[in-house]
Amino acid sequence: MSLPTVLITGASSGIGTVYAERFARRGHDLVLVARDKGRLDALAERLRHATGVAIDVLPADLTQRSDLAIVESRLRDDARIGILVNNAGIAQSGGFTEQSADSIEQLLTLNTIALTRLAAAVAPRLANAGEGAIINIGSVVGLAPEFGMSVYGASKAFVLFLSQGLSVELTPKGVYVQAVLPATTRTEIWERAGIDINTLTDVMDVGELVDAALVGFDRRETVTIPPLHVAERWDTLDASRQGLLSDIRQAQAAERYRPAQ
Ligand SMILES: NC(=O)c1ccc[n+]([C@@H]2O[C@H](COP(=O)([O-])OP(=O)(O)OC[C@H]3O[C@@H](n4cnc5c(N)ncnc54)[C@H](OP(=O)(O)O)[C@@H]3O)[C@@H](O)[C@H]2O)c1
């Protein structure tokens, strides 16, 4: 049986390029999506030569509705595509009061709207087939309002929540959903956001990040946090959150919120 084709967004650099390399080496055909057609063509050529897999290049600016629609159609209609790697994303420098409304919208459009629409395009077909996978690239920043990247972090908290929710909905239908939460990783994202990577500490190599994420993928983890050495910390956090679930569904307001008589 042939392996599913993998569609990877943001494949022209960084984490997306390494996902393309790793899935090609595993024998998967690829569809590569990003804006920079020249870089996608060069990557496709290199990987075809190195691995012999079939690779399509689908240039698209995922913040543009017409381009996004083309990728959505491909995901809806191409039954060979069984894995979506929702990786394209941008960061932003500066604090909230220094960021323009337009740059905030641009970030949210790519990191949340495009990601969700692409998942929505492919999920019904995968659920129908009873198999397939969606990998969403979040970030540890989505767990840490303290890091001072509020909009970026909020977009990544969205990715985590969406992935967990989709996992609840789609796992019973045979579709695996993984959220990957990298910490600082050596890619172009920092330079693109106007941040000097040399000012950052504890930077992970991008190959190490993706290889670790794929270990989590092969284990069918819902949430994979490659830089987290003590796995129990996440388990404790998640168990604590789940502990709230029965408590937050109450018809009466808590005692402490009762208006003074
Ligand atoms: N590097 C880190 O420290 C880090 C940490 C946590 C999470 N992440 C997440 O990892 C993911 C990949 O980032 P990266 O670090 O690999 O950064 P990167 O090297 O800058 O890659 C980002 C990719 O997204 C594509 N992209 C950007 N804007 C796009 C648009 N409007 N339409 C389509 N594609 C677009 C870029 O290609 P084009 O320019 O060709 O369009 C590029 O291929 C992002 O979601 C990021 O938030 C990164």
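With a relative accessibility of 0%, Phe23 counts as buried, in a model that is predicted. Phe23 forms an edge-to-face aromatic pair with Phe217, with 5.9 Å from centre to centre and 85 degrees between the planes. This pair links distant parts of the chain, since Phe23 belongs to helix 1 and Phe217 to helix 7, 194 residues apart.

**Aromatic residues**
- Three aromatic pairs are found in a search of the whole structure, and in one of them the rings of Tyr19 and Phe23 count as stacked because their centres are 6.2 Å apart and their planes lie at 15 degrees.
- Tyr19 and Phe23 are four residues apart in helix 1, about one turn of the helix, and Tyr19 is likewise buried, at a relative accessible area of 0%.
- Tyr19, Phe23, Tyr176 and Phe217 are joined into a cluster by ring pairs.

**Helix 1 against helix 7**
- The axes of helix 1 and helix 7 (residues 206-218) come within 9 Å and cross at roughly 55 degrees, and the two helices are therefore oblique to each other.
- The crossing of these two helices is right-handed, and the residues in contact include Ile15, Val18 and Arg22 of helix 1 together with Leu209, Asp211 and Leu214 of helix 7.
- Classed by residue type, this contact comprises ten nonpolar, two polar and two charged residues.

**Thr17**
- Thr17 lies in helix 1 (residues 14-25) and counts as buried, because its relative accessibility is 14%, below the 20% cut-off.
- Leaving aside residues up to four places away in sequence, Thr17 touches Gly10, Ala11, Ser12, Leu43 and Arg46.

Definitions and conventions
Residues are numbered from 1 along each chain as its sequence is written. This is a predicted model: local features need pLDDT of at least 70, side-chain atom pairs count only at pLDDT 80 or more; totals for chains, interfaces and linings use all residues. Side-chain values use heavy atoms; hydrogens and water are left out. Buried means under 20% relative accessible area, exposed over 50%, partly exposed in between (1.4 Å probe, protein chains only). Contact means heavy atoms within 4.5 Å. Axes are lines fitted to C-alpha atoms, for helices over the stretch in contact, and angles run from 0 to 180 degrees between N-to-C directions. Angles under 35 degrees count as roughly parallel, over 145 as roughly antiparallel, 65 to 115 as roughly perpendicular and the rest as oblique. A crossing is left-handed if the near helix is turned anticlockwise from the far one by less than a right angle, and right-handed if clockwise. Ala, Val, Leu, Ile, Met, Phe, Trp, Tyr, Cys and Pro count as nonpolar, Asp, Glu, Lys and Arg as charged, and the others, Gly among them, as polar. Rings of Phe, Tyr and Trp (its six-membered ring) pair if their centres lie within 6.5 Å; planes under 30 degrees apart count as stacked, over 60 as edge-to-face and the rest as tilted.
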